Every structure is written in C-alpha cells, then in structure tokens.
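I opened this model to look up a few things about its fold and its side-chain contacts. My notes follow in the order in which I went through them.

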Amino acid sequence: MAEVNLRGVNKAFGRLQVIHGVDCDIADGELLVIVGPSGCGKSTLLRMIAGLETITGGEIAIGGRVVNKLEPAERDIAMVFQNYALYPHMTVYNNMAYGLKIRRMPKAEIDERVRKAAAILELTDEQLQRSPRQLSGGQRQRVAMGRAIVREPSVFLFDEPLSNLDAKLRVQMRLEIKKLQERLGITSVYVTHDQIEAMTLGHRLMVLSDGYVEQLGTPIELYEHPATRFVGGFIGSPAMNFLTARISGDGRSVELPGGDSLALANGGVPPAAGRAVTLGIRPEHLERSDDGGDIAHLNIDVVEQLGADTLVHGHFGTDRTDLTVRLHGIQSFRSGETLPFAVAPEHLHLFDEESGKRIEG
C-alpha cells in the first residue's frame, strides 16, 4: 500500500492542453474517485498514473518514489479496465494466474493467491475452470478484479469498470467494489462519469471539467457546498435547479424573476448587494407549501412517479424558468396545475454569474 502524490501534472497533445496542473495527495488506503463528463480528461489522468501515458509536466509519486520515467510494470499498480480485457482462450484460473506466471512465481504461491482472491470474490472452483465466454458480465468483472488482486499491488486503478453492466448489476458490483476496497485497504483511484457511482464509492471526489480540477473533497462537502456552478449541477440527481437572480439592496435576500424574493441565511451577503447572481436550489430542497407562505407557484408541465418519490417538472416567473421539485412519496398532480413551493434559506446556493464560482455568505 502507498500514497499517490500528484504535483502540477499537465498533459498536452501538441498544442492541445488536456490536463491543467493537477495537484492531489491520495492517502494510503484511500479510494479517490475522479468524476466528470466525457472528454474532461479523467481517463487520461488515470493512464498517466498508470504509466500508459507520458506526462507533459509535473510529477507523479507512488509510495514516495517519483515514477514519471518508470514503465507501468515498475510502478507496482494493477488496473481494471472497462472492457475486462480477459484472454478468451484461457480459463478463469489461468487469466487470474497469468500475471504471476510471467513473473516466474512458484506454482504453490500462485495457486494460493488465486484461490484466496477467488474466495474473496465468491468465484467457485467450477467457475475457475470455465472460459470467460461462459460467465455473465458481473462474473467477468469479478475475474478482472481478481487478476488485479492476486498481484497484491500498492495501488488499484479502475477505469470505468461498470460501464458495460446493466443497471441492476451496476448497483450490485458497486457495493462489492466498496466492500472489497475497505476489506483490502489498498489505495485506489476510480474513474467514472456516473456521479451516483462517485458519491457512493469515494472517500473523496475529484471533479474534473475540461482538464481542470473544479473541486476536491468528500461527497457530502461537494453536495452541500459546491465550489462552482459546474460542481453544483454535476453532483446530485436530479440536477440542481439554476435561476437568474439578483442580491437585494441590503444583501439579505435574493430577488427572483417575477418579483418574488427569498431570505438568505446568516444575515445574507451585504458585500454582494445588488449583484446579479445564479441561484442554485436542489430539487429535494424545494417543499410544497400549502400554508400561504409559499414564495412562488410552479406551473406543472410533467410529473414522474418513482414510487418512493415524485418528480414535478414545470416553470414559473415571467421568464418561464424551468424547475424540478422532488417530493417524498406518491403525489398526484396534472399538467397545467400549479404547485406552491418554498425553500429554507440554508439550502440556497449563490454563484457568480460570470465565473461560476460560489459566493460565500
């Protein structure tokens, strides 16, 4: 096991800069999830840690040793890929043992490691003798993880390993990976574009956008205090609602399109009085208000019944701002009805209209 340290890591393909000065310390035994939309640079960053991509600038250290110029085999890492990358002509046992065989490890030790990993992953003796094509997608993913486990590396690297699985199996495998990482305690870096996967798996998350680190922190920190509008919109499902608004003249409230206003928590933000802002509100923090204390009426367009929750999509205000409200339980509404709603001051997020950065207050 080992720490992973990134210092000013850059990557460019010719004149195209795709990773911009990433700094991060990944603690021994930590599971860091790198999350972001397609094309943001997360897989490229992972491949640089693995040694599959050269770095343009900066420094990568694993276990206190700078590995910039080391080959992947010299970095003491194991990688699990999206497409499993299993040898079709080999049995499951031989797939898991192959990396140890080419290191000329004694047969008895190879067998011990393979069977120990198989037990951890609940792969039976019968399954060990099958070929990969005779296994389900989830079982193949277990084999791919088993191949990594038997190497007993310092660092696990996961490159979107669940992308090829169906929704139900993704949830199951996500839980298994989390339990496995906590059981083995091996430093892990996990790449995904799925923010639910990121929230449930990671000790900390690194949110990337266009090769820049938008925010680094625990899942709850990113959910409750997004540093930028991008993070606020990417973390959370359904996505955060964004409204064009303005801070009142005394800085104690925020004025919405159409004339309604919302009080801000903790005395507001007097230094930002009169400033145009983007207001963020999560759908689950909007509440139905039937007591006359509502701040606005949502004109309902579409209702989604999810059983445990109801999603109400609609618009309000003079600019017909789109809004989604998440209500607990089964709620009955029709298109064209209105829904009075309110929100607690502590659940309001303010972002600078130009830079997108969070306005603290």
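The entries below go from the whole chain to a sheet, then to ring pairs, salt bridges, backbone and surface.

**Entry 1, overall.** I note at the start that this is a predicted model. I counted nine helices and 20 strands in the chain. The C-alpha atoms fill a box of roughly 75 × 45 × 35 Å along the principal axes. Of the 361 residues, 50% are buried.

**Entry 2, a five-stranded sheet.** I looked up an open sheet with the strand order β13-β12-β11-β14-β20, paired antiparallel. Which strands stand at its edges? They are β13 (261-263) and β20 (349-352); each has a single partner strand, so one side of each has no neighbour in the sheet. Neighbouring strands here are turned by 40° against each other on average, direction ignored.

Strand β12 (residues 253-255) is joined to β13 by three bridges, and the two run antiparallel. Within this pair, S253 stands opposite A263 of β13. V277 has D352 in β20 as its bridge partner.

Are the faces of β20 covered or open? Both are covered: H349 and F351 on one side, and L350 and D352 on the other, are all buried.

I found six aromatic pairs. F158 belongs to strand β7 (residues 155-159) and Y190 to strand β8 (residues 187-192), so the pair ties together parts 32 residues apart in sequence. F158 is buried at 4% relative accessible area, and Y190 is buried at 0%.

The next pair, F242 with F351, is edge-to-face, at 6.1 Å centre to centre and 65° between the planes. F242 sits in strand β11 (residues 241-247) and F351 in β20, so this contact ties together parts 109 residues apart in sequence. F351 has a relative accessible area of 0%, which counts as buried.

I also noted a cluster in which ring pairs link F156, F158 and Y190.

How many salt bridges does the whole structure hold? The search gives 16.

E126 and R130 form one, with the closest N and O atoms 3.0 Å apart. E126 is exposed at 53% relative accessible area, while R130 is partly exposed at 24%.

R142 and E176 form another, at 2.9 Å from N to O. R142 is in helix α5 and E176 in helix α6 (residues 167-184), so the bridge ties together parts 34 residues apart in sequence. Both R142 and E176 are buried.

R275 and D352 also form a salt bridge, with the closest N and O atoms 2.5 Å apart. R275 lies in the loop between β13 and β14, and D352 lies in β20, so the contact ties together parts 77 residues apart in sequence. R275 is partly exposed at 33% relative accessibility. D352 is buried at 17%.

One network is also on my list: salt bridges with shared partners join K11, R47 and E53.

Most residues other than glycine have a negative phi, and most peptide bonds are trans. I therefore wrote down the exceptions I looked up, given next.

The peptide bond from S237 to P238 is cis, with omega near -5°. P238 is in the loop between α9 (229-234) and β11.

E122 is not a glycine but has a positive phi of about 60°. E122 is in the loop between α3 (107-120) and α4 (125-128), and is exposed at 63% relative accessibility.

E152, also not a glycine, has a positive phi of about 50°. E152 is in the loop between α5 (137-149) and β7, and is partly exposed at 46% relative accessibility.

Which residues make up the nonpolar patch on the surface? They are Y87, Y98 and I102, with about 280 Å² of accessible area together. Y98 is found in helix α2 (residues 92-101). With 31% relative accessibility, Y98 counts as partly exposed.

Conventions: Residues are numbered from 1 along each chain as its sequence is written. This is a predicted model: local features need pLDDT of at least 70, side-chain atom pairs count only at pLDDT 80 or more; totals for chains, interfaces and linings use all residues. Side-chain values use heavy atoms; hydrogens and water are left out. Patches are made of residues with over 30% relative accessible area and no salt bridge: like charges are joined within 9 Å, nonpolar side chains (Val, Leu, Ile, Met, Phe, Trp, Tyr) within 5 Å. Accessible areas come from the Shrake-Rupley method with a 1.4 Å probe; for residues, only the protein chains shown count as cover. A salt bridge is a side-chain nitrogen of Lys or Arg within 4 Å of a carboxyl oxygen of Asp or Glu. Helices (H or I, at least four residues) and strands (E, at least two) are DSSP runs, numbered from the N terminus. Buried means under 20% relative accessible area, exposed over 50%, partly exposed in between (1.4 Å probe, protein chains only). Two strands pair if DSSP finds at least two bridges between them. Axes are lines fitted to C-alpha atoms, for helices over the stretch in contact, and angles run from 0 to 180 degrees between N-to-C directions. Rings of Phe, Tyr and Trp (its six-membered ring) pair if their centres lie within 6.5 Å; planes under 30 degrees apart count as stacked, over 60 as edge-to-face and the rest as tilted.
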